[in-house]
Amino acid sequence: GYGDNPDGFEGDGCTTTIGYSQYDRYGCPDSDGDLYSDPMPNWLSSPAGTADTWPLDPTQWTDLDGDGYGGNPIGNKPDTCPSIPGTSLGVAEGGDVWGCTDTDGDGWSDKFGDEFPHEPTQWRDSDGDGWGDNVEGHEGDSCPTIFGDSLLDRLGCLDSDLDGYSDPTVGWSTHPKGTADSFPNDRMQWMDNDSDGFGNNPIGNYRDDCPNQAGTSSKDLQGCPDSDG
């Protein structure tokens, strides 16, 4: 259906081979039926040429930046950054979008999805506190859905007195059995090794003069045994 005169109307690009391509050249083989011709040694695919980059995928045909993701936004693995080569992955493969710049190689694009573009073990920060949602990654958020400032016992959890130690929660107890703040409303104390209500910090409020021996004294020394009360 395409004439042998290549300079005439709809001249056949493959005069001795039957084909039905139309968009890049007329009358050449088009294996996937998307109307772009299959690439050949003298007719290259994009970006160097105009032939079908995906001759067996009818939903994609061009790849202007040569990164392996197609320019058709509704096709398979569409390139969100079609003019900039990139390695980011789509949601189905553990990323956010296909074909955009991904500096740290974690699959998440620098521009759209990765909140930590230079840290490959983190990409999301759901609560916006600066600690990543991946608890197993570098500086992972122990409380990924709760904004928090704690950083000494665990990262990114509530720290009411801003001393660096997180407030105790279910499953995260205070000293001595756990590491959470024994004094969540006192910035000058956080540890209480003997659980007597007096803190280990010697220059803080309610200091414990006998930090490893529970006591109730308060006159001469604080937190030491006081047998007669």
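This is a predicted model: local features need pLDDT of at least 70, side-chain atom pairs count only at pLDDT 80 or more; totals for chains, interfaces and linings use all residues.
1. Cys143 and Cys157 are both buried. The two are joined by a disulfide, with an S to S distance of 2.0 Å.

2. Cys210 and Cys224 form another of the disulfides, with sulfur atoms 1.9 Å apart. The torsion about their S-S bond is about 90°, so this disulfide is right-handed. Cys210 and Cys224 are both buried.

3. Cys81 and Cys100 are also bonded, at a sulfur-to-sulfur distance of 2.0 Å. Their link is right-handed, with 95° about the S-S bond. Cys81 has a relative accessible area of 13% and is therefore buried, the cut-off being under 20%. Cys100, at 1% relative accessibility, is buried as well.

4. The whole structure holds 4 disulfides. When the bonded cysteines of the chain are numbered in sequence order, they pair as 1-2, 3-4, 5-6, 7-8.

5. Ser88 has 0% relative accessibility and so counts as buried. A polar atom of the Ser88 side chain lies 2.7 Å from the backbone oxygen of Val97.

6. Beyond its neighbours within four places in sequence, Ser88 is in contact with several residues, among them Tyr69, Asp96, Val97, Trp98 and Gly99. Cys100, the disulfide partner of Cys81, is another contact of Ser88. Asp102, Gly107, Trp108 and Ser109 also belong to the contacts of Ser88.

7. Ser88 and Asp114 are 26 residues apart in sequence, and their C-alpha atoms are 9.9 Å apart in space.

How values were computed: Residues are numbered from 1 along each chain as its sequence is written. Side-chain values use heavy atoms; hydrogens and water are left out. Buried means under 20% relative accessible area, exposed over 50%, partly exposed in between (1.4 Å probe, protein chains only). Contact means heavy atoms within 4.5 Å. A polar contact is a pair of N or O atoms within 3.5 Å; within protein, one must be able to donate a hydrogen and the other to accept it, and residues adjacent in sequence count only if both atoms are side-chain atoms. A disulfide is a pair of cysteine sulfur atoms within 2.5 Å.
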